[in-house]
Amino acid sequence: MIISIFASKDTDEDVDKEKQEEISLQWDNMEKELHNNSLWYFLTNKANADYQTRIDLVLDLISGKPADNREKYYTFFKFDEMRQTKSLDSIWRSIQQTFLVLKDWHGNHELYHKIGYLIASGTLTLQKIFDLSKDKTKDDFRDSLDGYIRDSIKIKGNYSDLSYEKPLDQKKIATLLLLFNVESVRRNGEHSQWFPFDKYKFGRGGKVTWSLEHIHAQQSEGLRTQKMWKEWLTLHIPSVKSVSDDSEELIELMNSAIAKDKLERQEFDAIQQRVVDLLSVKGNTEYLHSIANMALLSSTDNAALNNSTFDVKRNEIIKMDKAGQYIPFCTRMVFLKYYTPSADNQLHFWGHADRVAYVDAMNTVLVNYLEEPIVLEKEEE
């Protein structure tokens, strides 16, 4: 450990016993502060297990250790080299100053969100950002960060052409939505709200994986078994009841299908189509795979829920919210209909007015980063 360099009996006279005790105490305090998950997961996407001690992250920064370097003793040897040309007191001041820089970023509302986004999105490493900050004024540093944020969502063509059906576009949509969430919290919070990078990256069960979720789904992609078909039908019965006073016959069909020992695919498809038609706004479906119909949700293997209509997902989001599960800011705003003006609000449906309001919010929040506004599909006739 690097601390042994300062605690060794062979240490030069520039670090006496009293100074060694002071360094040891300050070292422990830094380690404790880095165990604040808000600070830790703002700085890194790595799990705690990737470091023997959390202060190793600070030491790696000073040594300039590349992110892909797996050499266990890289940082130790670098500090040993520094010891040949620098006093231990000078090395210790460098460790303290680096830690204070990271704490300052974490405590600055604007830098916290911009740096946190760049790290969380994988656009830049902490090492790159740290190197970027050297010998720059605060304004120049912010401008550099803004440039990298802009580049992170830059695309060829129009944002409206991005499609979930194109594998290469999925990452671009997800990155843009992450920025939308982070920037929304930053701008909305006015220094009182902070995007929770710790909850975004790690939950009670470990590392959280996020996926693009269709806000309103009309397909049965991934529904391959009777169990999935029956779960899908079960999930949609409450929504069918809530949107139609004349749904007894359809609900009876759904319950009958659920009760069958062997439900045929053809029968499920026919019932599903009726349910989807009932729970969908009439008109074109060009929007289905566009960014106007996408939100970030934690990944789930529940194919029935993934392929559900808006109202079913809305009910599920409300349950998750009540249970205290972390839901990204903009995802909650979408499913609780905060973006949609009350005059246009159809509570159980995801329609054109909702998509217009959603995309308008993106254009407003991301105005400093988008190359051009996101354009929505034409309104249904």
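## Aromatic pairs

How many aromatic pairs does a search of the whole structure find? In this predicted model, the search returns 20 aromatic pairs. A pair of aromatic rings is described by the distance of the centres and the angle of the planes.

Tyrosine 339 is in the loop between helix H17 (329-335) and helix H18 (352-365), while tyrosine 358 is in helix H18, so the pair ties together parts that are 19 residues apart in sequence. Tyrosine 339 has 18% relative accessibility and counts as buried, because the cut-off for buried is under 20%. Tyrosine 358 also counts as buried, with 1% relative accessibility.

Tyrosine 358 pairs with tryptophan 350 as well: the centres of these rings are 5.9 Å apart and the planes are at 75 degrees, so this pair is edge-to-face. Tryptophan 350 counts as buried at 3% relative accessibility.

## Cluster and charge over a ring

One aromatic cluster is formed by Phe42, Tyr112, Trp194, Phe195, Phe197, Tyr200, Trp210 and Tyr326.

A ring also takes part in a contact with a charge: the charged end of arginine 355 sits over the ring of tyrosine 287, at 3.5 Å from the ring centre.

Terms used:
Residues numbered from 1 in each chain as written. Predicted model: local features only at pLDDT ≥ 70, side-chain atom pairs only at ≥ 80, totals over all residues. Heavy atoms only, no water. Phe/Tyr/Trp six-rings, centres within 6.5 Å; stacked < 30°, edge-to-face > 60°. Helix = DSSP H or I, 4+ residues; strand = E, 2+ residues; numbered from the N terminus. Buried < 20%, exposed > 50% of the residue type's maximum accessible area, 1.4 Å probe, protein only. Lys NZ or Arg CZ within 6 Å of the ring centre and 35° of its normal.
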